[in-house]
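Colleague: Could you pick one part of this model and give me a close look at it, then work outwards from there? I'd like to know what packs against what.

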Amino acid sequence: MTTPSKSWIADLPKDHLIAEFSVWSADLMHLADDLARVDPHVDILHIDVADGHFAPAMLFFPDLVAGVRKVSSRPIHVHLMVADSILLSQIEQFADAGSDLISLHVENESVAAEALDLLDRRGVAAGMVLKVGTPVERVEKYASRLRFVTLLGTAIGVKGQGLDEKAGARLQQAKQIIAGCGAAHRIVLAADGGIREHTVPLLRQSGAETVVLGSLAFNAPSLDERMAWVRAL
C-alpha cells in the first residue's frame, strides 16, 4: 500500500473541515472491511493509544497500526495517552509501525522536548494534545515545532461524554497561539471528544480545522449524507 506524500499535511483541505476518522469507532471485528467502506471520505485515520494509567482505557498497539498501514494509504495519526516513563519507547514502536503523525500530550512535560526531538529524527510529524482541564497556554512554547494541536473537549479516554462548555473559547485561544508562533509550516487545529451533530458547527466556528469523527461517521445512517454535511462546514 502506498504511503502519504511528504506534503500531506500542507495538502489537507483548507476550505472545509478535514475528515479525521477514529478507528476506535470502527467495526473492530471487520476492521479492514469497515476502513474500506469509509475510505472515500477519509482524510486522516486517527488511532488512539492508551496505557491504562495516563488514561483509563487500554487502547491500541503497534501491530494494529502496521496492519492498518497495509490496507490503507491514508495518513495515520496516532494519539499517545501514555505515561512519561514509556513515551519515548512508544514513539519508537509506533514510528516503526508506519505512523505519519504522532501526538503526545502537553502533560508529558518532563519528556516532551526529548519526544519532539525523537520525532524529528524519525521523520514523523509531531502533534500535541491537551486535556480538557489543561490551560491552553501550556502549548505555546512547543507550538512552532508542531504540525497538529488537538484540544480534548471531554475527559480523556472515555467515550460518549458531552462537550465541555469551554471548548469553543479554548479553540479560539489555541488558534491565536498558532497564528502567533512564527511557524512557516501549516499547523492544524483539531477538536477531539464530544463530537455530535449539534457541537460540530460550534467547534468549526471556533477555529477547528478537523474534528475526530467517531460514531458520528461510522454509525451514520447514510455516510454519504453525513460527510456532505461535514464538508459543507
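Modeller: Let's start with helix α5: what covers its buried residues includes strands β6 (125-130), β7 and β8 (188-192) and helix α6 (200-205). Bear in mind that this is a predicted model, where local features need pLDDT of at least 70, side-chain atom pairs count only at pLDDT 80 or more, and totals for chains, interfaces and linings use all residues. Residues are numbered from 1 along each chain as its sequence is written, and side-chain values use heavy atoms, with hydrogens and water left out.

The buried set in α5 is A167, G168, R170, L171, A174, I177 and I178; buried means under 20% relative accessible area, exposed over 50%, and partly exposed in between (1.4 Å probe, protein chains only). Helices (H or I, at least four residues) and strands (E, at least two) are DSSP runs, numbered from the N terminus. α5 has 13 residues, 167-179, and at 1.5 Å a residue it should span 18 Å; its end C-alpha atoms are 18 Å apart, so the two agree. (The expected span is 1.5 Å times one less than the number of residues.)

Now to the strands, starting with β7, which runs over residues 148-152 and holds T150. With a relative accessible area of 2%, T150 is buried. Leaving aside residues up to four places away in sequence, T150 touches H77, M128, V129, L130, A190 and D192, where contact means heavy atoms within 4.5 Å. V129 is also the bridge partner of T150. β6 and β7 run parallel, joined by four bridges; strands count as paired if DSSP finds at least two bridges between them.

β6 itself is largely enclosed by the rest of the structure, because six of its six residues are buried. A125, G127 and V129 point one way, while A126, M128 and L130 point the other.

β5, helix α4 (residues 112-122) and β6 make a right-handed β-α-β unit; right-handed means that, with the strands pointing away from the viewer, the path from the first strand over the helix to the second runs clockwise.

β4 (residues 76-81) and β5 pair in the parallel sense over three bridges, with H77 partnered by L101. H77 has already come up, as a contact of T150.

What about the aromatics? A search of the whole structure finds two aromatic pairs. Rings of Phe, Tyr and Trp (its six-membered ring) pair if their centres lie within 6.5 Å; planes under 30 degrees apart count as stacked, over 60 as edge-to-face and the rest as tilted. W8 and F148 make a tilted pair, 6.4 Å centre to centre with 40 degrees between the planes. W8 lies in the segment before β1 (18-22) and F148 in β7, so the pair ties together parts that are 140 residues apart in sequence. Both W8 and F148 are buried. The other pair, F21 with F218, is edge-to-face, at 5.6 Å centre to centre and 80 degrees between the planes. F21 belongs to β1 and F218 to helix α7 (residues 215-218), 197 residues apart. F21 is buried at 0% relative accessible area, and F218 is buried at 5%.

One more ring gets a charged neighbour: the charged end of K131 sits over the ring of F54, 4.4 Å from its centre. The cut-off for that is NZ of Lys or CZ of Arg within 6 Å of the ring centre and within 35 degrees of the ring normal.

Finally, look at G133, in the loop between β6 and β7. With a relative accessible area of 67%, G133 is exposed. Its C-alpha atom is separated by 9.5 Å from that of D164, 31 residues apart along the chain.
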